[in-house]
Amino acid sequence: MTLETSLLCRMGRSTVSTLRRHRSRGYHVHRAPEPQDVEISGLLAAYAAHPPHPITLSSLVAFGQPLTPESLLRSGSYVLAEIPRRLARRARVLEKLPFIVGTNPYVAKTLKAYRDSFQFLATYPRVTTLDENAKFTAELSQLVESHRNDIPTMAKGY
């Protein structure tokens with residue numbers, strides 16, 4: 001017995017034809033969020049276990065004073081250590097939401113964006129030269145741009 005025949009038996013012809021019509025028109029079908037890779041899940045757990053270091057205004061100003069190649073590389077190292085922690089914590093918070101909230105396409109989209117960005121930053125090689133820092137800065141800028149609409153996206157889900 002095929003799935004369609006089984007549905008016909010249980011739900012009736014009108015319900016099955018309605019389901020077909022919805023699928024053909026591209027209506028959203030709710031699905032559970034995609035399971036993540038075991039390796040990334042372990043990495044997320046490891047980073048989320050460490051609380052982020054607090055950032056004060058004076059520490060932010062100190063990173064650029066004086067502006068030297070060493071201070072730029074130190075700043076890049078700090079970003080590579082700190083932002084994955086914060087993304088991991090955000091992803092974990094979204095993963096702990098009730099299942100029905102997690103199936104919301106807007107919440108699932110934001111969670112996937114956090115996981116992808118976390119994976120990118122957590123596996124990014126250490127920045128050791130100014131050229132690598134320039135490349136990292138450009139990639140980080142694109143990453144920030146990709147998260148530009150996260151809050152409005154999440155707001156659509158509620």
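Here are some notes on this predicted model, point by point.

1. Ground rules. The model is predicted, so local features need pLDDT of at least 70 and side-chain atom pairs count only at pLDDT 80 or more, while totals for chains, interfaces and linings use all residues. Residues are numbered from 1 along each chain as its sequence is written, and side-chain values use heavy atoms, with hydrogens and water left out.

2. The core. The largest nonpolar core holds 21 residues; a core here is a set of buried Ala, Val, Leu, Ile, Met, Phe, Trp, Tyr and Cys residues joined through side-chain atoms within 4.5 Å. Helices α3 (38-49), α5, α7 (105-122) and α8 (130-146) each supply at least two of its residues, and α5 gives the most, with seven. Helices are DSSP runs (H or I, at least four residues), numbered from the N terminus. Among the residues with the most contacts inside the core are Leu80, Leu121, Phe136 and Leu140. Setting aside neighbours within four places in sequence, Leu140 is in contact with Val79 and Leu121; contact means heavy atoms within 4.5 Å.

3. The rings. There are three aromatic pairs. Rings of Phe, Tyr and Trp (its six-membered ring) pair if their centres lie within 6.5 Å; planes under 30 degrees apart are stacked, over 60 edge-to-face, and the rest tilted. Tyr124 and Phe136 make a tilted pair, 5.0 Å centre to centre with 50° between the planes. That pair links distant parts of the chain, with Tyr124 in the loop between α7 and α8 and Phe136 in helix α8, 12 residues apart. Ring pairs also tie Phe120 into a cluster with Tyr124 and Phe136. Phe136 counts as buried because its relative accessibility is 2%, and Tyr124 is buried too, at 16%. The cut-offs are under 20% relative accessible area for buried, over 50% for exposed and partly exposed in between (1.4 Å probe, protein chains only).

4. A glycine worth a look. Gly76 sits in helix α5 (residues 69-95) and is buried, with a relative accessible area of 5%. Not counting residues up to four places away in sequence, Gly76 touches Asn133 and Phe136. Gly76 and Arg126 are 50 residues apart in sequence, yet 8.7 Å apart in space, C-alpha to C-alpha.

5. Salt bridges. The whole structure has six, each being a side-chain nitrogen of Lys or Arg within 4 Å of a carboxyl oxygen of Asp or Glu. Glu95 and Arg92 meet at 2.5 Å, N to O; both lie in helix α5, three residues apart, about one turn of the helix. Lys112 and Asp116 meet at 2.9 Å, N to O, and these two lie in helix α7, four residues apart. Arg148 and Glu145 meet at 2.7 Å, N to O. Arg148 is exposed, at 54% relative accessible area, whereas Glu145 is partly exposed at 45%. Glu82, Arg85 and Arg86 are linked in a salt-bridge network.

6. The outside. Ile55, Leu57, Leu60 and Val61 form a nonpolar surface patch with about 390 Å² of accessible area together. Patches take residues with over 30% relative accessible area and no salt bridge, joining like charges within 9 Å and nonpolar side chains (Val, Leu, Ile, Met, Phe, Trp, Tyr) within 5 Å; accessible areas come from the Shrake-Rupley method with a 1.4 Å probe, and for residues only the protein chains shown count as cover. Leu57 belongs to helix α4 (residues 57-63) and is exposed, at 66% relative accessible area.
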